[in-house]
Amino acid sequence: MAVNTENAAAAVQDWLRENVTGGREVAEDYALIDNGVLTSLQTVELVTFLEDRFDIMVEEDEFDEENFGSVQAIAGLVASKTS
Amino acid sequence: MAHPEFTLQDLLRNSVERGPERVAVVDGKAEHTYGDLDHQSLSLATALQEAGVEKGDRVGVYLEKSWEAIVAMLAASRAGAAYVNINPLFKPPQVAYLAQDCDIRVMIGDSARLGELEPATISGTTFYKGEAPEAGISGELVNLAEALESGDAPVEEREVSEVDLATILYTSGSTGMPKGVATSQRNVVSGAQIVSTYLENTPEDRILSALPLNFDAGMSQFTTALRVGATLVLQRSRLPGDLMKALRRHGITGLTGVPPLWALLLRSTKSIQEEPLSHLRYIANTGGRIPQANLDELKRLLGLSGTKIYRMYGLTEAFRSTYLPPEEGDRESSCIGKAIPNTEILVVNKEGKECAPGEPGELVHRGPTVAMGYWGNEEATRRAYRPNPLAPPELLDVERVVYSGDTVSRDEDDYLYFIGREDAMIKNQGYRLSPEEVENLLLGSGLVHEACAFGVENPDVGQDVIAVISLRDTGEDNGSAVDAIRQHVIKNAPPYMVPKEILVRDDLPKTGSGKIDRKGISSAYANG
């Protein structure tokens with residue numbers, strides 16, 4: 001299956017529901033880190049999940065709020081790495 | 001001539017006089033001066049008084065780390081009240097517990113968070129940041145931004161002295177629900193004097209605030225910066241790329257963190273190696289032991305820039321207790337150093353006598369940061385805050401010292417080494433948790449019959465939280481019941497309270513007195 005921002009976003013939403021929000025959906029552009037939804041350790045876990053799931057590598061300088069600050073941003077990063 | 005330092009407002013006044021145009025706080029792209037801090041905290045103090053805050057009242061601060069959160073602490077203090085910083089990771093049940101425990105009637109918070117609270121949580125005025133919250137609030141609402149800019153003069157200048165309550169710091173112990181450590185102005189000011197002395201802070205420092213403000217060690221970056229007139233740079237994201245950017249962009253000179261933060265920093269090894277952090281004068285660790293391998297790697301990488309490494313140990317009940325000076329950094333990772341300035345650390349055996357070198361005993365803290373006890377909990381206070389065992393009986397003024405519950409030993413050169421704890425307290429990412437808090441949370445799902453929680457050593461985070469439960473007969477299969485329980489926990493508690501594993505048993509083993517055998521269950525788990 002080709003990875004695009006849509007199914008990457010769906011995978012991130014699933015992971016968030018399962019591990020962070022307790023079933024709640026968050027808006028795609030909601031600031032996850034600035035609003036304290038996602039802690040740094042949870043983000044580390046999310047990266048491990050995404051790396052396994054989409055067979056990608058997140059570089060150290062990509063591991064920041066710009067790329068992980070919202071569902072949209074994360075999906076964009078994943079899609080850019082799989083295209 | 002500087003003002004004598006008795007209260008937080010004295011620290012503020014000195015820094016304002018030193019240079020009102022100097023930058024006090026950097027929050028994202030915004031820079032706020034000491035003059036701003038003075039004006040806005042006075043405006044908010046006035047608004048708090050108008051909202052009915054009386055001397056000694058508790059003002060809750062439920063804000064993400066921000067400029068407003070810093071102003072709120074000083075405003076409460078200037079209104080003669082005590083601020084209670086609430087962990088922004090807390091969910092409505094923890095906030096409701098805490099608001100009731102110390103009777104918070106006035107709250108300052110982020111709208112999104114306030115909107116989720118149970119409506120009865122706050123009876124008085126709520127100051128909101130952002131759009132007015134739509135639900136969750138029963139009392140009066142005030143726009144925080146307007147209160148900060150009002151420029152109103154105070155109704156009355158409230159006299160505050162060093163023996164007044166400054167703040168309540170919530171933490172957990174080995175049993176029961178979280179306890180509020182009542183901390184006086186003297187405790188806070190002494191803590192700032194002591195820490196800024198051994199970290200050698202100056203007005204030129206640019207200190208990164210990477211820890212939560214509700215945590216004593218996190219509040220310390222604020223109080224030390226305030227005392228010396230340094231710049232405090234607020235950092236919300238602790239992702240490796242953001243940490244690196246913040247350190248470099250702001251020319252950070254001092255960084256205090258807990259062990260998981262160093263693991264995140266070490267992900268940027270390549271960057272640090274290519275361009276050493278030459279502006280970083282020191283890092284300081286607290287909240288647990290850094291795994292030896294990480295400590296060695298930090299020494300190597302930060303050695304490139306001559307950055308000093310301080311190791312600290314503290315307990316909320318006495319703010320800070322010991323530190324290891326950087327020049328002693330070759331001591332093994334369990335070494336927690338010596339007493340902080342103006343403080344005595346005793347190692348006491350079960351008979352109440354001082355231990356000989358090498359003999360394990362309980363760490364007992366004596367000094368000006370010994371707090372006023374646990375808010376509203378006399379029994380727990382008597383257990384932890386006891387008369388100084390070594391005071392001469394003729395001294396009638398009973399001086400209280402803090403019994404830490406931590407077992408340590410002292411070597412021939414007076415250096416202290418952490419050994420462990422005998423009780424069931426769990427420590428995860430620098431946070432303290434009691435097993436009962438986790439167990440109550442599990443039981444609250446309605447699916448759990450019996451629960452037992454305990455900590456299992458994991459050098460990366462301190463301890464993992466593990467739960468062993470038996471299920472109520474709901475007809476659900478174990479797998480989906482555990483999923484539902486996990487979801488309940490995630491929804492109703494901060495992430496560090498969520499058990500790493502939830503294991504189901506038909507029945508939990510009991511002790512002779514019929515209580516759940518936590519020791520037996522945890523050692524059975526440890527033995528596989």
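In this predicted model, B:Thr322 belongs to strand β15 of chain B, which covers residues 322-324. With a relative accessibility of 0%, B:Thr322 falls below the 20% cut-off and therefore counts as buried. A polar atom of the B:Thr322 side chain lies 2.7 Å from the backbone oxygen of B:Ile336. When neighbours within four places in sequence are left aside, the contacts of B:Thr322 include B:Arg311, B:Met312 and B:Tyr313, as well as B:Ile336, B:Gly337, B:Lys338, B:Ala339 and B:Ile340, and also B:Ile345 and B:Leu416.

In chain A, helix α4 (residues 71-82) has 12 residues and reaches 17 Å from its first C-alpha to its last, close to the 16 Å expected at 1.5 Å a residue. The buried residues of this helix are A:Val71, A:Ile74, A:Ala75, A:Leu77, A:Val78 and A:Ala79, and what covers them includes α1 (5-21), α2 (40-54) and α3 (65-68) of chain A.

Over all chains the structure holds 39 salt bridges, and three of them are listed here.

| Salt bridge | N to O distance |
|---|---|
| B:Arg236 with A:Asp34 | 2.6 Å |
| B:Arg227 with B:Glu5 | 3.0 Å |
| B:Asp406 with B:Arg421 | 2.8 Å |

The salt bridge between B:Arg236 and A:Asp34, with its closest N and O atoms 2.6 Å apart, joins two chains, because B:Arg236 lies in the loop between β11 (231-234) and α9 (240-249) of chain B, while A:Asp34 lies in the loop between α1 and α2 of chain A. B:Arg236 is partly exposed, its relative accessible area being 23%, and A:Asp34 likewise counts as partly exposed at 30%.

The side chains of B:Arg227 and B:Glu5 meet in a salt bridge within chain B. Since B:Arg227 lies in helix α8 (residues 216-228) and B:Glu5 in the segment before α1 (8-18), this pair ties together parts that are 222 residues apart in sequence. B:Arg227 is partly exposed, with a relative accessible area of 22%.

In the salt bridge of B:Asp406 with B:Arg421, the former residue lies in strand β20 (residues 400-410) and the latter in strand β21 (residues 416-421) of chain B, so the pair ties together parts that are 15 residues apart in sequence. B:Asp406 counts as buried at 8% relative accessibility, whereas B:Arg421 is partly exposed at 26%. Elsewhere, salt bridges that share partners join B:Glu328, B:Arg331, B:Asp411 and B:Asp413 into one network.

Terms used: Residues are numbered from 1 along each chain as its sequence is written. Chains are lettered from A and ligands numbered from 1 in the order in which they are written. This is a predicted model: local features need pLDDT of at least 70, side-chain atom pairs count only at pLDDT 80 or more; totals for chains, interfaces and linings use all residues. Side-chain values use heavy atoms; hydrogens and water are left out. Helices (H or I, at least four residues) and strands (E, at least two) are DSSP runs, numbered from the N terminus. Buried means under 20% relative accessible area, exposed over 50%, partly exposed in between (1.4 Å probe, protein chains only). A polar contact is a pair of N or O atoms within 3.5 Å; within protein, one must be able to donate a hydrogen and the other to accept it, and residues adjacent in sequence count only if both atoms are side-chain atoms. Contact means heavy atoms within 4.5 Å. The expected span of a helix is 1.5 Å times one less than its number of residues. A salt bridge is a side-chain nitrogen of Lys or Arg within 4 Å of a carboxyl oxygen of Asp or Glu.
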